Amino acid sequence: MSIFDWFAKQEKSEPPIQQQQKEREIADGLWTKCEACTALTYTKDLQANQLVCTECGHHFRVESAERIAQLIDKNTWKPLNDHLTPTDPLNFCDRKPYSDRIKDTQDKTGLVDAVQTGTGLIDGLPLALGVMDFRFMGGSMGSVVGEKLCRLIEHATQERFPVVIVCASGGARMQEGMLSLMQMAKISGALERHRNAKLLYIPVLTHPTTGGVTASFAMLGDLIIAEPNATIGFAGRRVIEQTLREKLPDGFQTSEYLLKHGFVDAIVSRTQLKKTLAQLISIHQPFFPVLPPLNVREKHHHHSEEMVLKMDGKEE
């Protein structure tokens, strides 16, 4: 073997040190690989595009805090009822006690439970917003989730705010049994009172929205918006096929299929969601400007009376 062949063999068998360093840098979170098209995107560019793939439009899963930042005007967010914490009323235990599972999930996510609620401005318009977080036990709806959403809707009814709830859930939280299932009726009742007050409610269905959430407040909106390619349904494919004894079409639980069959009103990309919600709110629930101070109103009132007298010809 010549010395040139030996050097060529060494180059093929072992990558250069610079290449090894480059590979370590790529694996350090600088780049993100798309789950759909496998394209590599610079992480900062992906975040600037609201976690929507710039190549294929795939929507990555968004944490609740980041979703709030995307929708609510800066420095206008006011959390509501963030002191409510879940308990273990049934002393439930599967692989480990439910109380331990709650604590572990709280430590891992930094959240108290699977939803954040509050009020803020969206393009200058007041809004009551609830955002579910799938990281917290699959976004499951327990007593705290139901109570926080119910209080949010009641607060919005009192203040005459529109309500938007961003849904992302695997359904009711079975570790709380019937207490979790009753949240469906409780939230639906609050929404009915909100509707009777002639106020706007818009659910935004993201991936995934399933189970008891779909069976209640996710489908009770005046306008129902979904993100592209979101999984939306009640039960899984196998359960439905065994119940109906029929073969179901592919993609029957996607937002595109539901739009085609009239279950949702629009599919909106996340990059256009804030603008779309603000436009819908301004059209369906216009807000009157805040009244000026009393002395300014009195001057305006006297000026209006003078104008009326002049128009009636009672004063030159």
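1. Arg 101 is partly exposed, with a relative accessible area of 22%. In this predicted model, the side chain of Arg 101 forms a salt bridge with that of Asp 94, at 2.6 Å from N to O. Asp 94 is partly exposed too, at 37% relative accessibility.

2. A second pair sits elsewhere in the chain. Asp 133 and Arg 135 meet through their side chains in a salt bridge of 3.0 Å, N to O. Here the two partners fall into separate classes. Asp 133 is buried, with a relative accessible area of 1%. Arg 135 is partly exposed, at 33%.

3. Now look at helix H7. Arg 195 and Glu 192 are three residues apart in this helix, which means that about one helical turn separates them. Their side chains meet in a salt bridge, 2.7 Å from N to O. Arg 195 is partly exposed at 45% relative accessibility. Glu 192 is partly exposed as well, with a relative accessible area of 36%. Elsewhere, salt bridges with shared partners link Glu 63, Asp 133 and Arg 135 into one network. The search of the whole structure finds 15 salt bridges.

4. Which charged residue is buried yet has no salt bridge? Glu 176 is the one to inspect. The nearest side chain of opposite charge belongs to Arg 173, and it is 4.1 Å away. Glu 176 lies in the loop between strand S6 (163-169) and helix H7 (178-196). Leaving aside residues up to four places away in sequence, Glu 176 touches Thr 87, Leu 90, Tyr 98, Gly 142 and Ser 143.

5. Leu 199 belongs to the loop that runs between H7 and strand S7 (201-209). Is Leu 199 buried or exposed? It is buried, because its relative accessible area is 5% and the cut-off is under 20%. Its contacts, not counting residues up to four places away in sequence, include Ala 156, Phe 161, His 194 and Gln 285. Asp 222 is another residue that Leu 199 touches. These two residues are 23 apart in sequence, and their C-alpha atoms are 9.3 Å apart in space.

6. Check the backbone next. A cis peptide bond joins His 207 and Pro 208, with omega at about -10 degrees. Pro 208 is placed in strand S7.

7. Thr 38 is not a glycine, yet it has a positive phi of about 65 degrees. Thr 38 is in the loop between strand S1 (31-33) and strand S2 (40-42). Asn 229 is not a glycine either, and its phi is positive at about 60 degrees. Asn 229 lies in the loop between strand S8 (225-226) and helix H9 (237-244). Asn 229 is exposed, with a relative accessible area of 56%.

8. Finally, the whole chain. Its secondary structure comes to twelve helices and nine strands. Of the 316 residues, 40% are buried. Among contacts with a separation of 6 or more, 67% are between residues 24 or more positions apart. The accessible surface is about 18,800 Å², and carbon and sulfur atoms account for 55% of it.

Technical notes. Residues are numbered from 1 along each chain as its sequence is written. This is a predicted model: local features need pLDDT of at least 70, side-chain atom pairs count only at pLDDT 80 or more; totals for chains, interfaces and linings use all residues. Side-chain values use heavy atoms; hydrogens and water are left out. Helices (H or I, at least four residues) and strands (E, at least two) are DSSP runs, numbered from the N terminus. Buried means under 20% relative accessible area, exposed over 50%, partly exposed in between (1.4 Å probe, protein chains only). Lys and Arg count as positive and Asp and Glu as negative; His and the chain ends are not counted. A salt bridge is a side-chain nitrogen of Lys or Arg within 4 Å of a carboxyl oxygen of Asp or Glu. Contact means heavy atoms within 4.5 Å. Accessible areas come from the Shrake-Rupley method with a 1.4 Å probe; for residues, only the protein chains shown count as cover.
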